[in-house]
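This report describes selected local and overall features of one protein model. Please consult the sequence and the coordinates alongside the text.

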Amino acid sequence: MRFAGPALALALLVPTGAAGAAPAPAPAPAATAAPAHFMVVGPVGDLSRTEKSVRAAGGTVVQSWPQIGVLVATSTDAGFAAAVRGRPGVQQAGASRNLVEWLPPANSTMLEPTEGTLPAPASIAAADDTEPLEAEQWDLPLIKADKAHLLSQGDKNVTVGVLDYGIDPAHPDLKPNLDVSRSVSCVDQGIPDQSPAAWAPENAEQDHGTHVAGTVAAARNGIGVAGVAPDVTLASVRVIDDDGFIYPEYAVCGFVWAAEHGFDVTNNSYFVDPWYLWCDSDPDQKAAAEAVRRAVAYASRKDVVTVASAGNSNWDLSKPILDQNSPNNGGPVQERETGDECRILPAELDGVVTVSSVGVKSEKSYFANYGLGSVDVTAPGGDARQIPQTPSANGRILSTLPGGGWGWKQGTSMSGPHAAGVVALLRSTHPDWKAKQVTRVLQAQADRLTCPDFYDPNGDGKADAVCEGGRTGAGFHGAGMVDALDAVR
């Protein structure tokens, strides 16, 4: 799996060649040691013929979403996708992960390191009604959330789904806002499981979702920290398995769940594995990407705003990219030049709000992906290389951790939930607005950040990235910094 933290990883069936070129020849199909998973795309509304074709080709249907025309199949035959393509009711089919030799993930989890933890602070808030640890949350004033909270802290009727590792249901800063009745796990082949044991984080290492949730909506309750929208409702949607991967069927399950359970916003601080970029020149990658695209589009039609982190490779997403990381769940990695027919999922899908990151100086974080036309807005994600404006903030984002604690992380994983929180405030203030209008206003209200004259976070005299857009700053920041105060007016 790849969190949107300052490091990365990726993966799937056969690595493709240059962008737009024919895919590299596939190895001869072979029997797999265990059933492999495939995404099969068919007609929307009725998958009966598709399911029949899957069975005729030797596959087993394990999960089906007729509302988007997608199903998950398993087979012990690595050549199943090629065998089922073209059969009745099958429009596309492809492996949802790498089918070459599976290897235990070495560094597949792109978890932002926890730079420190804090003991539970006193349960009594400071005299000025701030939270006990709020002085270290430099990120809230940067988007004017502290001022926004004087007018509105959000509405309980607005729900933000956190698609991640799960939210600690017992954390005192999150429990008041967590709706366990709409929380779910999707990591059993995309089959929804609402048992708390399935969707809650299992250990302290699975802390990413809890940290993200605190940034969105940690309660103002005199404990710990405050979220951007401290009165809205959270729902935990686990899409990351115990090995740290987010396969297409997990993401599809999460988006469909959000669409059908009344979510207003989803936060997606991850990339879908096993490929960093999914390329249409490869039929396996194309099918899985189409399944995710349909799920996101379905959520949009159901009035869900999908927010996603841009990533942390310091890549210009508007230009061809040399992918040296795919696949990330085993098998050989092959360098490939990727272009317009390749995209990060879900950040580069239509209708998704893509969020880059800044540090305490409102400058692009050294790790953040960027690109003119590829980023919609930016938000605080931390940057330990920028000088903190408060004595103990260390340049990273402070939020909740499993077990009732708090800690720091940095990454576009942290900027995404700031934007999701502002979207939640907008939806609280304007409950009659549809998702598309909310997205337009989010960008219209953003505070413009101009391009730097020279971007050199390493201080070595060499430009580390080039910002296009001049005074608009759009190449680094899209429309600009999200504005929580404007959202509640």
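## Cis peptide bonds

P346 is found in the loop between β17 (342-343) and β18 (352-358); helices (H or I, at least four residues) and strands (E, at least two) are DSSP runs, numbered from the N terminus. The peptide bond that leads from L345 to P346 is cis, and its omega is near 0°. A cis peptide bond also joins D273 and P274, with omega about 5°. P274 belongs to the loop between β12 (270-271) and β13 (278-279).

## Basis of the model

The model is predicted: local features need pLDDT of at least 70, side-chain atom pairs count only at pLDDT 80 or more, and totals for chains, interfaces and linings use all residues. Residues are numbered from 1 along each chain as its sequence is written, and side-chain values use heavy atoms, with hydrogens and water left out.

## Overall composition

The secondary structure of the protein chain comprises 12 helices and 21 strands. Of its 489 residues, 62% count as buried, where buried means under 20% relative accessible area, exposed over 50%, and partly exposed in between (1.4 Å probe, protein chains only). Among contacts in the protein chain with a separation of 6 or more, 77% are between residues 24 or more positions apart; contact means heavy atoms within 4.5 Å.

## Helix α9

Helix α9 covers residues 412-429, and its 18 residues should span 26 Å at 1.5 Å a residue; the expected span is 1.5 Å times one less than the number of residues. The end C-alpha atoms of α9 are 26 Å apart, which agrees with that expectation. Because 17 of the 18 residues of α9 are buried, the helix is largely enclosed by the rest of the structure.

D383 is located in the loop between β19 (377-380) and β20 (397-401). This residue is buried yet has no salt bridge, a salt bridge being a side-chain nitrogen of Lys or Arg within 4 Å of a carboxyl oxygen of Asp or Glu. The nearest side chain of opposite charge is that of R385, 5.2 Å away; Lys and Arg count as positive and Asp and Glu as negative, while His and the chain ends are not counted.

The side chain of D383 does reach the backbone nitrogen of R385, at 2.9 Å. Leaving aside neighbours within four places in sequence, D383 is in contact with G359, K364, S365, Y366, F367, G395 and Q410.

Strands β3 (residues 60-65) and β4 (residues 70-77) run antiparallel and are joined by 5 bridges; two strands pair if DSSP finds at least two bridges between them. They form a hairpin with 4 residues between them, and G69 in the turn has a positive phi of about 70°. Within this pairing, Q63 stands opposite V72 in β4.

A36 lies in strand β2 (residues 31-41) and is buried, with a relative accessible area of 7%. Neighbours within four places in sequence aside, A36 is in contact with A73, T74, S75 and L99. The C-alpha atoms of A36 and G59 are separated by 9.7 Å, the two residues being 23 residues apart along the chain.

K144, in the loop between α3 (139-142) and α4 (145-148), has a positive phi near 65° although it is a residue other than glycine. K144 is partly exposed, with a relative accessible area of 26%.

S362 lies in the loop between β18 and β19 and has a positive phi of about 60°, again without being a glycine. S362 is partly exposed, at a relative accessible area of 23%.

Notes: A polar contact is a pair of N or O atoms within 3.5 Å; within protein, one must be able to donate a hydrogen and the other to accept it, and residues adjacent in sequence count only if both atoms are side-chain atoms.
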